[in-house]
Amino acid sequence: MRTIKIDVSNRQGYIGGSSVGAIVDCSQSYKTEYQVYEQFAKGINRPMDERQQKILDYGHLLEPVIANKASEMFGFEYEDTTEDFAWQ
């Protein structure tokens, strides 16, 4: 089994699941495709409202569960290297 290490401490370096959802117009509640463009092309991060923050918090809580299941399905070893964040 191979090990894949993913550094999630700097999310500016890649497009994650939340951004992909906005880009393909599947995310009606998180952000728009234009907001993704602003974030990555111009470095503009707009503040989230309370509802958006809750969605983001739940997504962060589910990341280890999804990563573990994906590692089983696709045959790689998952190692959680995230540090303690306020949402954990």
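Reader: Against which helix do the buried residues of helix 2 pack?

Author: Helices are DSSP runs of H or I with at least four residues, numbered from the N terminus. The buried residues of helix 2 pack against helix 1 (17-23). This is a predicted model, in which local features need pLDDT of at least 70, side-chain atom pairs count only at pLDDT 80 or more, and totals for chains, interfaces and linings use all residues. Residues are numbered from 1 along each chain as its sequence is written, and side-chain values use heavy atoms, with hydrogens and water left out.

Reader: Which are the buried residues of helix 2?

Author: Buried means under 20% relative accessible area, exposed over 50%, and partly exposed in between (1.4 Å probe, protein chains only). In helix 2 (residues 33-42), the buried residues are V36, E38 and Q39. Seen down the helix axis, they fall within an arc of 160°, so they line one face of helix 2. That arc is taken from the directions from the helix axis to the C-beta atoms.

Reader: What does S19 touch?

Author: Contact means heavy atoms within 4.5 Å. Leaving aside residues up to four places away in sequence, S19 touches K31, V36 and F40. S19 lies in helix 1 and is buried, with a relative accessible area of 6%.

Reader: How many aromatic pairs are found in the whole structure?

Author: Rings of Phe, Tyr and Trp (its six-membered ring) pair if their centres lie within 6.5 Å; planes under 30 degrees apart count as stacked, over 60 as edge-to-face and the rest as tilted. The search finds 1 aromatic pair. Y34 and Y37 form this tilted pair, 5.7 Å centre to centre with 40° between the planes.

Note on methods: Helices (H or I, at least four residues) and strands (E, at least two) are DSSP runs, numbered from the N terminus.
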